[in-house]
Structure formats: C-alpha cells, structure tokens
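Let's take a walk through this structure together. Have the sequence and the 3D view at hand as we go.

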Amino acid sequence: MKPTPVRLLCSDLHGRPRIDEQFAFSQIVDAALDLDVSIIAAGDLLDKQSNRAATITFFYQQLNRLREADLLFEYVQGQHDFDDPPWLSGHDSAVHLHRRTVEPPKSGIRVYGLDWQPTGRLQEELDQIPEDVNFLVAHQVWADWMGSVASPQGSFAELPGHIKYLHSGDLHQWKLDREYNRDRGFTTVLSTGAVTQQKIDEPAIHYYAVLYLDGSIVQRKLRSRQRIDCGLLRTDDDLENCLRNLADDVDQAVAQSVKHNLPVEMHRPYLRVVYSYRLPFARRRIEKLVGDRVVGFYKQLPPELADSGSSVVRVDRDVPSTPQALLIEEISPDESKLHADAYTLCERLLGSQNPADTLATWKREYLGDSVAAEEDDVD
Ligand SMILES: [Mn+2]
C-alpha cells in the first residue's frame, strides 16, 4: 500500500514574465497532476503587487490545468503579491486560505491560512486560530530563522500548541525543523524556499514538498538553471585559478542543462563573481573568456570589505546544511532505478515523524508479497 499524498506544498513562486519562474511553476503543476493532489502555496506567488497581464495569464493557464483535474490551488499572500481582493481571486480553483479552515478529506489535517502580518498583528491573529486547526500556512520572517539578518515579526515559541505543522513562506531556502511551540510541545516547521533564484546569493537548488497521510513531508527537487560560483577572488592567483577552470565549468553547466531538459533559454548558467578592488580587470578578463555564454553577476569589493577578513563577506559555495540537502548531493535519483529507490527510502525516513511505520510501509510497497509471505511463514 503506497502512502497517500495529501497536498503538494510550495512557496515564493515570484511569478513574472520570465522563463525560470514559469518553468518552475509548470513543474509544480505537473507534479500535482501526477500525484492527484491540490497545492498549498505560502505566499509571494507573484513577484509584484502591480502585475503585467502576461504574468496573470500564465498563472491562470496553470490554474486551468489544475481545474481540469478537479484540483485546487490553496494559498496565502506575502508582501510581494499582497492586494485586496487578491490577484488570484478571479479564478475559481484558487482558494484564499486567509482566516479560513479547510480539511483535505479523511486526512485528519485541518489547514488554516494567514496572509503576511506585521509584528503585533501576527500575535493577535495567532490567538484567534480555531483550536481544532493543526496546520498553519503563513508568510513571515521568523526570528528563529532570520533574526540576525532581518527584523522578524514573530517566533516559533509563539505558536499555539495545537499547531502541529507550520508551512511558511518568505525564507528563500529549504528548512524542515521541529521547534518548541508556546505550550512546550513540538511543531514541525517547514520552509520549502523559493522556486527560483531571486538574488544571486540565494541557494541555486530549489524544492517543493509532498505531505503524506502518515504526516511525513518529503522534499522534491525542481529542475533549475545552473549556477557557477567563482568564490571570492582576492588575489591574482585566485583569478588565474578561476580563469583556468571557467570554460570547462560553463561547458559542464550547459551539459547539465541539456541533460535535465531545461528550456533552451535556461541553458545559460548564472555566474557569480565577487572580486577585490585589487583586481580591477577581473570582470573584463572573465567576460572576455565566457562572453554571453553566462548570465554574469559581478561585484567588486571596496577596500573596507575586501581587506576585512572573510567574516563580513561570506561567499560560501552551497554547503549542504540539512540531511535532505546532503542526500540529494550524494544520491542522484535520476541515475538509475536503484539510485531512485535508495533516494526515495532515505528521503521518506528523513521526513518522517514515525520512521518505523514509514519503513514498514516502504517494505510492503517495494518488497511486496515476498515480505508478507515470509511473515506468514514465521507464524
Ligand atoms: Mn519571497
């Protein structure tokens, strides 16, 4: 018996007339149709509060695909897309979850949504959530995730104890944690992250998630534009090193783009270059080498930053920061059936609230009757 998917979870689509955002959203709708589940989206679904017709037309075309399959697009608004009434309110498959409870049939999950709220208002809204709600969809800066870099509106310790899951937008990065709520119980907190890069220093890999009936949340990777990061170029040696490898890196990124079947407009990788003021010709030399084969993001560091040591300007490569991120670095599910099976098992166990049950379900699913037969023999 396969675990039943309940909802597809995503956030921060930042819809605009650009291929990257459109391709990401269409992949998410493909997945929802494939799984036969409705989508819950946690805000910033459009990039702007005032939109071009092309943005809305594309969005509605995707919602039409859901409607044909009798599926819904349940959402809250972030700061980017906020309007009253909401932009999506003209489509009858879009369900604005703000201050509303919905219950996916037979799921035991009662979902409630909140549009983005300023500090103070958020706390009042949290107090008014009905007590039978166990799944909150929101779009906030949470102190626990972003307190050091942005001004937060709230913290996980303010969530009522009956909220067992929080699916929040705004943080453009995957996170799946268990945090203490205000009743000293645990709330599973999820940020699926943005579906594309909105800034060059955001993660290059993007995800959505699938919520299953057993409560497990499984991370799924989107196909995204490739990114090459030269790291921080401080010295001539750094620059020479970068130039030596760059043409190969670009070839490799294009080959990956072809392999992942990206739209041809997305085959040009992003290139991120941060260089010291001591290397004034860095940009010209790199551009001469790779020309328009990349979409370049160049930043020259002034003396006070270039000479201040590495703590101020951190230009880390994407270091895997969660077990899920590490997993996808280690096992590529596209490689073979064996890889795909191993990947699926690992990601389910990592996302599960009850690994023993998840493992038992997996065994039944993959080993099928042979397991049941063995168990019968023992009896
Ligand atoms: Mn956003």
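**Cavities and a metal site**

In this predicted model, the largest cavity holds about 80 Å³ of space. What surrounds that space? Its lining is made of 13 residues, and those nearest the centre are Asp 20, Thr 196, His 206, Ser 224 and Arg 225. Helix 1 is the top contributor to this lining, with three residues. Sorted by class, you get five nonpolar, five polar and three charged residues around the largest cavity.

Searching the whole structure turns up four cavities of 30 Å³ or more.

Now for the metal. Which residues hold the manganese ion? The protein donors are Asp 12 (OD), His 14 (NE2), Asp 44 (OD) and His 172 (NE2), and they lie 2.1 to 2.3 Å from the ion. Along the chain, these donors follow the spacing D-x1-H-x29-D-x127-H. Asp 12 sits in the loop between strand 1 (5-10) and helix 1 (19-35), while Asp 44 sits in the loop between strand 2 (38-42) and helix 2 (53-68), so the pair ties together parts that are 32 residues apart in sequence. Both Asp 12 and Asp 44 are buried.

Finally, a look at the cysteines. Across the whole structure, a search finds zero disulfides. Cys 10 is buried, at 0% relative accessible area, whereas Cys 346 is partly exposed at 29%.

Key. Residues are numbered from 1 along each chain as its sequence is written. This is a predicted model: local features need pLDDT of at least 70, side-chain atom pairs count only at pLDDT 80 or more; totals for chains, interfaces and linings use all residues. Side-chain values use heavy atoms; hydrogens and water are left out. Donors are N, O and S atoms within 2.8 Å of the metal (3.2 Å for Na, K and Ca); water is not among the atoms, so sites may look incomplete. Helices (H or I, at least four residues) and strands (E, at least two) are DSSP runs, numbered from the N terminus. Buried means under 20% relative accessible area, exposed over 50%, partly exposed in between (1.4 Å probe, protein chains only). A disulfide is a pair of cysteine sulfur atoms within 2.5 Å. On a 1 Å grid over the protein atoms alone, a cavity is a set of points where a 1.4 Å probe fits but cannot get out, and a pocket is an open set with protein on both sides within 12 Å along at least five of seven lines; lining residues have an atom within 4 Å of a point. Grid points are joined across faces, edges and corners, and a volume is the space filled by probe spheres set on the points. Ala, Val, Leu, Ile, Met, Phe, Trp, Tyr, Cys and Pro count as nonpolar, Asp, Glu, Lys and Arg as charged, and the others, Gly among them, as polar.
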